[in-house]
Amino acid sequence: MAREDDPVLVGAGLQERSGGDLVDRYAPLLLAGRTGVVAQLGQSLDGCIATASGDSHFVTGEADREHLHRLRALVDAVVVGPGTVHTDDPQLTVRAVEGPNPVRVVLDPRGTLLDRGVLRDPATVHLVGEPARSPRTVLKTLRERGLRRILVEGGGATVSDWVAAGLVDRLYLTVAPLVVGRGGRRGISLPDVEPLTDCLRPPARRHLLGDDVCFELDLRA
């Protein structure tokens with residue numbers, strides 16, 4: 001278990017909950033040290049993160065949004081792809097819990113993102129063109145900037161790219177009791193694997209977040 005005086009625990013307001021559900025939930029992340037990559041997605045029962053038009057407000061409930069904000073408070077930087085920024089223009093800040101805001105990192109491989117609020121924030125790192133195309137290049141760039149613990153937040157294609165590249169240590173995948181339908185935008189999409197026994201089946205823990213279930217997948221095991 002992480003020490004109560006761990007600066008990350010203190011900064012995220014977890015030290016007062018030592019021994020409780022929150023510390024238990026985030027202990028593996030904290031014990032892994034200051035370097036690592038985690039990813040997060042919220043999806044429907046049928047694997048969708050949004051409707052066909054991109055509406056994702058909100059697939060999961062308030063407890064999962066609080067969980068997401070707490071993850072932001074526990075990392076140095078949060079990474080999102082162009083689709084998420086174009087559709088949602090997210091703030092990517094910590095508002096639902098105590099803790100510091102992470103550095104916002106926007107990937108823009110085609111250089112198509114223009115007037116978005118997150119890009120007007122001087123604290124945002126806007127990676128355009130070739131530096132934004134490869135997860136390994138992005139990770140190297142962030143570490144050179146001293147950003148060691150990274151959260152890949154969205155969207156589905158970006159998280160999938162980082163998982164497929166073998167860079168994600170821990171994936172938090174929250175499933176809501178919701179059915180979007182066949183036109184919905186998919187979440188995790190990885191290369192096909194045969195047979196079924198060779199498919200990715202990492203060790204997992206489950207956390208109840210209101211009506212949602214968060215699967216914490218250890219991709220490094």
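Pockets and cysteines

Reply: The largest pocket has 44 lining residues, and Ser56, Thr84, Asp88, Glu153 and Gly154 are those nearest its centre. A pocket here is an open set of points on a 1 Å grid over the protein atoms alone, where a 1.4 Å probe fits, with protein on both sides within 12 Å along at least five of seven lines; lining residues have an atom within 4 Å of a point. This is a predicted model, where local features need pLDDT of at least 70 and side-chain atom pairs pLDDT 80 or more, while totals for chains, interfaces and linings use all residues. Residues are numbered from 1 along each chain as its sequence is written, and side-chain values use heavy atoms, without hydrogens and water.

Me: What classes of residue are in the lining of the largest pocket?

Reply: That lining has 17 nonpolar, 17 polar and 10 charged residues. Ala, Val, Leu, Ile, Met, Phe, Trp, Tyr, Cys and Pro count as nonpolar, Asp, Glu, Lys and Arg as charged, and the others, Gly among them, as polar.

Me: And which residues lie nearest the centre of the second largest pocket?

Reply: Val163, Leu171, Ile188, Leu190 and Leu200, out of 21 lining residues. By class, 14 are nonpolar, four polar and three charged.

Me: Switching topic, how many disulfides are there?

Reply: Zero in the whole structure, counting pairs of cysteine sulfur atoms within 2.5 Å. Cys199 is in none, and its nearest cysteine sulfur, that of Cys48, is 20 Å away.

Me: Is Cys214 buried or exposed?

Reply: Buried, at 0% relative accessibility; the cut-offs are under 20% relative accessible area for buried, over 50% for exposed and partly exposed in between (1.4 Å probe, protein chains only). Cys199 is partly exposed, at 30%.
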